[in-house]
Amino acid sequence: MTGPDLTPDLAALLPDEHRRLLVGGRWRDAEDGATFAVHDPADGSVLTRVADASVGDAVEALDAAVAAQAGWAATPPRERGEILRRAFEMIADRADDLAMLMSLEMGKTVKEAKGEVGYGNEFFRWYSEEAVRIHGRWMQAPAGGSRLLTIKKPVGPCFFVTPWNFPLAMGTRKIGPAVAAGCTMVIKPAAQTPLTMLALAAILGEAGLPDGVLNVLPSTHAKEMSQALQGDDRLRKVSFTGSTGVGRTLVRQSADQLQRVSMELGGNAPFLVFADADLDAAVDGAMVAKMRNMGEACTAANRFLVHQDVAAEFAEKLAARMGGLTLGRGQDDGVDVGPLIDEDAVDSVARLVTDAVHDGARVVTGGARPDGAGWFYQPTVLLDVPADSAINTEEIFGPVAPITTFSTEEEAVAAANATEYGLASYVYTRDLSRTIRMAESLDFGMVGVNTGLISNPAAPFGGVKASGFGREGGFEGIEEYLETTYVALPAT
């Protein structure tokens, strides 16, 4: 494979060998020798080039997954769990290197990237422990005369598509339960950030994952690849994290082969602040819910719905925190906010802010692109944003907090639910009764009460409505990779 040499630092983080495809346990070039560039979002330069998998490569990867499936399913659960445990320990030992690699290709600060490594790695620890807890049930038929036995079996070969914003965690959330359940995989990481996934695959190989169980295909041919794999009746499951539009396409493509599907799609999370809230705690939570990953997260607080009596004070406090953040290259000391993923992302955020101001919103802080190279946007707070402004209806995916006011609880709930999405939501109140009402009234898969951080490997992550279906994490996550077989036994 040809391409410019890596810089010494990047070469140490990801050797040349691991910039290729992983198919059937072998690192190799794409069948046609094609490569594509991975860019540094801090300045737009090319970091390196990686192999660009074709449809033919994808079919070969599925061949490898199918060939490995029976033997992997028969592997003792303890052995599958121990592989995940060894990978967990290796990732923990190499957290600094993985964080630096992630920061280079995705832009987030090294500190935040290291936080993702720790969070994502917990899925391997969790599912290393769940592998030995896969079980069915045994019972006497209610009418007598027979016994009912249920057993769990792996779904079979899976196709995973992961997004660019959390290059490690979005992989471990899928790979962990699949390995624990006994499924083989073909995974296509996002073209913007394939390096972390390739490094993760190398670690799993070192940890003892058999050849063909995990196959990794960086590629710019996502559409053609998904069509080919989903048209193959040997593929039994698809798991996707990304946009709702692409998710709908993958669900449609799954119909002919009736494949199992898990979708974690877009979000438009409301952040409700009631008049009785602890405003300092609400601002702390807002900084986490909004600024994690520069706002580039489906769980990011997208619409700040604040009671009219405290909106001005909340905006002032939030603006002071947001305005004090330092933008810069994620690998530099003292930087709080890195670049967005690409120029299109900056253009989208800038358009939403411009439209909101045109609609009558007031800029409290930020509101512009900084001068200089790279794909940056200033942390921004907007006040008096009309409810129907585009910034309240579209996913922002950037460091912008639009504040819209409400006067009653009923109005707040109606505004929060006025979206096709239903992934995450946040509520700040000191009223226990209101907390219960919010949990029951908000149409979202997840509700954070007086906290801006809701993701947890031990909890079921997922949404409703246009935010998808299925759950990742928790006890529920492994069920996405298991089928139930019922066995009828005559009474003895």
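Which residues do ring pairs link into a cluster? The cluster joins Phe271, Phe304, Phe314, Tyr426 and Tyr428. The model discussed here is predicted.

## Aromatic pairs

The count of aromatic pairs comes to 9. In one of them, the rings of tyrosine 119 and phenylalanine 123 have centres 5.3 Å apart and planes at 85°, so this pair is edge-to-face; the class applies to planes over 60 degrees apart. Both residues belong to helix α5 (residues 110-130), where a spacing of 4 residues separates them by about one helical turn. Tyrosine 119 is buried, with a relative accessible area of 12%. Phenylalanine 123 also counts as buried, at 1% relative accessibility.

A second pair is formed by phenylalanine 271 and tyrosine 428: their ring centres lie 5.2 Å apart and their planes meet at 25°, so the pair is stacked. Phenylalanine 271 is part of strand β12 (residues 269-273) and tyrosine 428 is part of strand β17 (residues 424-428), so their pairing ties together parts that are 157 residues apart in sequence. Phenylalanine 271 is buried at 0% relative accessibility, and tyrosine 428 is buried with a relative accessible area of 3%. Both residues are members of the cluster named at the outset, together with Phe304, Phe314 and Tyr426.

## Charges over rings

The charged end of arginine 292 sits over the ring of tyrosine 119, at 5.4 Å from the ring centre.

## The largest pocket

The volume of the largest pocket is about 800 Å³. Its lining consists of 36 residues, and those nearest the pocket centre are Trp164, Phe240, Gly242, Ser243 and Val246. By class, the lining has 17 nonpolar, 14 polar and 5 charged residues.

Several elements each supply at least two residues of this lining: β7 (158-161), α8 (222-230), β10 (237-241), α9 (244-254) and α12 (343-358). Among the contributors, α9 gives the most, with 5 residues.

## The second largest pocket

The second largest pocket has a volume of about 580 Å³. It is lined by 24 residues, of which Thr109, Lys111, Glu112, Arg292 and Asp336 lie nearest its centre. The elements that give two or more residues to this lining are α5 and α10 (279-291).

Helix α5 gives the most, with 6 residues; this is also the helix that holds tyrosine 119 and phenylalanine 123. Arg292, named among the residues nearest the pocket centre, is the arginine whose charged end sits over the ring of tyrosine 119.

## A buried lysine

Lysine 174 is found in helix α6 (residues 169-181). Is lysine 174 buried or exposed? At 0% relative accessibility, this residue counts as buried, the cut-off being under 20% relative accessible area.

Another joins lysine 174 to glutamate 472 at 2.8 Å.

Notes. Residues numbered from 1 in each chain as written. Predicted model: local features only at pLDDT ≥ 70, side-chain atom pairs only at ≥ 80, totals over all residues. Heavy atoms only, no water. Phe/Tyr/Trp six-rings, centres within 6.5 Å; stacked < 30°, edge-to-face > 60°. Buried < 20%, exposed > 50% of the residue type's maximum accessible area, 1.4 Å probe, protein only. Lys NZ or Arg CZ within 6 Å of the ring centre and 35° of its normal. 1 Å grid on protein atoms, 1.4 Å probe; cavity = no way out; pocket = protein on both sides within 12 Å on 5 of 7 lines; lining within 4 Å. Points joined across faces, edges and corners; volume = space filled by probe spheres on them. Nonpolar A, V, L, I, M, F, W, Y, C, P; charged D, E, K, R; others polar. Polar contact = N/O pair within 3.5 Å; in protein donor to acceptor, adjacent residues only side chain to side chain.
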